[in-house]
Amino acid sequence: MAALKNDRFLRALAGEKVDMTPVWMMRQAGRYLPEYRATRAQAGDFMSLCKSPELACEVTLQPLRRYAMDAAILFSDILIVPHALGQDLQFLAGEGPHLSPRLVDAALSSLQPAPHHFAPVWETVRLTRAALPEGVTMLGFIGSPWTVATYMVAGEGSKDHHVARAMAYRDPVAFAEIIQAIVDSSITYLSGQIEAGAEAVQLFDSWAGSLAPQQFQRWVVEPTAQIVSAIRALHPNVPIIGFPKGAGAKLPAYAWETGVDAVGVDETVDPRWISKELPVQMPVQGNLDPLLLISGGPQLEDAARDVLDAFRGRPHVFNLGHGISQHTPPEHVAELVD
Ligand code: CP3
């Protein structure tokens, strides 16, 4: 294995001692930054930004010019996989993502795969890795199969993911085919990110919380374990962070059974409880409430210190419990990193 540089984030994920707790934040590049809004306007729309390696690289680097983050997360979206599986993908202003045809009415086999959509993202990783300051880790990502499937089936976001949950009960065979297609495509896509320079990867399972326990086992734990073992076989030294948002009491099972190296914890989980449930050597990432960044001030500082205290004694990567809100004043992010 190549020697680790002075790189807190990779060291913490390897369970090694670090001089300071590493920090990065989900959605550290995004609409709360005026320079992001300017680059997005230059691109025209969100998808054109994702498909332009130069502009996506620029946006990935923007938060690093303001803040001493230990990782840069690839700027892209989890819905590139459905796009590569053959769904049309559009982000309509103020409405969020739209995928068509939606798989609640169209068969998976009717889609024309379009794997060329991966190439610009891999190029973004290559450009960004080459431009990163020493000691900052390049982080790649995918959406986990369950979360991605909720969009592929319903064609859009929803509050409780009932269209996908109902299909999984009504037609588990067809639903399993969708999940398997996402697993296979995600392995190719994530492996390509690593070959292009990603040094660690995160699996975003934003909607893991909406499933009943047996469904969680089948549609979250098992497909995640399949991706983890395939990536580990191809790239044994690249740490994998799993983030099953909202998993709550199911989080320990996820941590033990998927094979991920580290778990991301959202803000609804008591850090002292989860710390007791996990093996002492397992790194944890999280879990400050992102809304504290809107208020700033002593509430932000006290809560951040409490997160640090709660995870003291185990490897910890400081992060939020979910992405930075677009209403966040950028100077509050600076306060928190300081
Ligand atoms: O964390 C990062 O900064 C990396 C880039 C990233 C984005 N989306 C950029 C983005 C990552 C890792 C994601 C993941 C993602 N995308 C998830 C999982 C994590 C989460 O936030 O829950 C989900 C569910 C999506 C799907 C998606 N993409 C939604 C629901 C939206 C919001 C649509 C809207 O208009 O609010 C997006 C768009 C999106 N992805 C934005 C960004 C910065 C906002 C786009 C913009 O208007 O500029």
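**View 1. Histidine 161 lies in the loop between α7 and α8.** Helices are DSSP runs of H or I, at least four residues long, and strands are runs of E, at least two, numbered from the N terminus. This is a predicted model, in which local features need pLDDT of at least 70, side-chain atom pairs count only at pLDDT 80 or more, and totals for chains, interfaces and linings use all residues. Residues are numbered from 1 along each chain as its sequence is written, and side-chain values use heavy atoms, leaving out hydrogens and water. Histidine 161 is not a glycine, yet has a positive phi of about 60°. Most residues other than glycine have a negative phi. With a relative accessible area of 6%, histidine 161 is buried (buried is under 20%, exposed over 50%, partly exposed in between; 1.4 Å probe, protein chains only).

**View 2. Glycine 157 sits in the loop between α7 (145–154) and α8 (162–170).** Its relative accessible area is 38%, so glycine 157 is partly exposed. Leaving aside neighbours within four places in sequence, glycine 157 is in contact with Pro97 and Tyr151 (contact means heavy atoms within 4.5 Å). The C-alpha atoms of glycine 157 and proline 97 are 6.9 Å apart, and 60 residues separate the two along the chain.

**View 3. Arginine 27 is in the loop between α1 (8–13) and α2 (34–43).** It is not a glycine, but its phi is positive, about 60°. Arginine 27 counts as exposed, at 54% relative accessibility.

**View 4. A cis peptide bond joins glycine 286 and asparagine 287.** Omega is about -20°. Asparagine 287 belongs to strand β8 (residues 284–288). Asparagine 319 is part of strand β9 (residues 316–320). Its relative accessible area is 0%, so asparagine 319 is buried. Not counting residues up to four places away in sequence, asparagine 319 touches Trp24, Met25, Met26, Gln285, Gly286, Asn287 and Leu288.

**View 5. Another cis peptide bond links serine 100 and proline 101.** Here omega is about -5°. Proline 101 is found in the loop between β3 (96–100) and α6. Most peptide bonds are trans.

**View 6. Helix α10 (residues 213–234) bends by about 25° at valine 221.** The bend is the angle between axes fitted to the seven residues ending there and the seven starting there. Proline 223 follows within four residues. Buried residues of α10 include Trp219, Val220, Val221 and Pro223.

Methods: The expected span of a helix is 1.5 Å times one less than its number of residues.
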